[in-house]
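Notebook open. I wanted to look up helix geometry and salt bridges in this one.

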Amino acid sequence: MAAEGAVAVRGGLRSALPLLAPAYLWLTVAIFLPLSAMVFFSFMTDLPLTGKPWAFTLGNYAAFFSQNLYLTLLLASLRLGLEVTLWCIVIGYPAAYVLAKVLKGRSREAIFLLVILPFWSNGLVRIFSWAMVLREGGILDTALNAVLPFKINIDLMYSYPAIIIGLVHSYVPYMVLTCYLTLQAIDDSLLEAGRSLGASRLQVLKRVIVPLSMPGLVAGAALIFVPVVGSFMAPRILGGRSGTFYGTVIEDQFVAVFNWPLGAALSFILLAVVLIILALAAPVLRRVA
């Protein structure tokens with residue numbers, strides 16, 4: 001029986017290989033080849049494209065450990081990722097619950113459209129739109145002064161809260177969508193059973209809804225945390241001088257300084273740190289999910 005099962009598995013893999021080949025070919029060309037090139041660059045003293053002499057070195061990685069600035073910025077980026085993820089959970093999870101369990105019909109479709117609307121615009125356009133809203137004399141400032149009987153001055157541009165607002169707006173749809181899928185899959189009869197047994201709404205939420213929707217919550221948190229840690233566009237535009245993070249330093253190495261070897265080394269250190277965090281959190285995440 002075991003031999004027959006192994007033969008069946010091999011036959012299934014053989015038949016599925018033509019369908020898997022395009023995806024793996026695309027992953028190889030679009031991901032692994034560029035990553036391999038960046039790994040190669042990270043161990044070089046200079047780019048061979050410049051025509052200057054180059055050699056292999058570990059100095060690019062040693063620069064991270066020899067300068068406290070890089071570690072400080074990395075910790076700041078990790079903190080930024082955690083804060084944005086927490087705010088996305090606070091905003092996105094209730095919205096996903098309302099979409100999955102409260103709204104029905106066209107009202108759900110309309111709210112869902114508003115949730116995914118940010119995906120339809122360019123990220124740079126979204127960030128500059130927030131710049132128009134948050135600056136002094138901007139849309140928010142003008143609207144509040146038109147309503148309130150006293151004058152106030154709202155100027156959040158080039159501040160840490162402005163960065164948080166811009167990133168949360170960009171990434172909260174991921175939390176809404178992943179949580180919506182898991183909440184939608186929860187059978188309503190389970191909630192009714194909990195209520196019929198005397199549980200309050202808060203107890204049903206705590207003991208039934210949240211545990212069963214935890215896979216979507218974890219998936220959304222991972223989809224948000226990983227890109228936010230390395231983000232550079234929103235911190236650069238909305239944060240100004242206070243928007244210097246690890247991702248902006250990496251961007252400077254590639255764009256401004258043209259020191260690709262150091263930028264590649266810093267990028268892979270960030271990748272390693274994120275993978276270590278995810279690996280350490282995996283046992284806990286498996287238990288809650």
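My entries on helices and then salt bridges follow.

Ground rules: this is a predicted model, where local features need pLDDT of at least 70, side-chain atom pairs count only at pLDDT 80 or more, and totals for chains, interfaces and linings use all residues. Residues are numbered from 1 along each chain as its sequence is written, and side-chain values use heavy atoms, with hydrogens and water left out.

Helices. I took these as DSSP runs of H or I, at least four residues, numbered from the N terminus. I checked end-to-end C-alpha spans against the expected span, 1.5 Å times one less than the number of residues. Helix α3 (residues 68-102) reaches 50 Å, close to the expected 51 Å. I still found a bend of about 25 degrees at Gly92, with Pro94 following within four residues; the bend is the angle between axes fitted to the seven residues ending there and the seven starting there. I located a kink of about 55 degrees at Met214, shortly before Pro215.

Salt bridges. I counted four, each a side-chain nitrogen of Lys or Arg within 4 Å of a carboxyl oxygen of Asp or Glu. Arg79 pairs with Glu83 at 2.8 Å, and both lie in α3, four residues apart. Lys101 meets Asp188 at 2.9 Å. Lys101 is in α3 and Asp188 in α8, so this pair ties together parts 87 residues apart in sequence. I noted Lys101 as buried at 17% relative accessibility and Asp188 as partly exposed at 36% (buried is under 20%, exposed over 50%, partly exposed in between, 1.4 Å probe, protein chains only). Last, I saw Arg236, Glu251 and Asp252 linked in a network.

Definitions and conventions
Helices (H or I, at least four residues) and strands (E, at least two) are DSSP runs, numbered from the N terminus.
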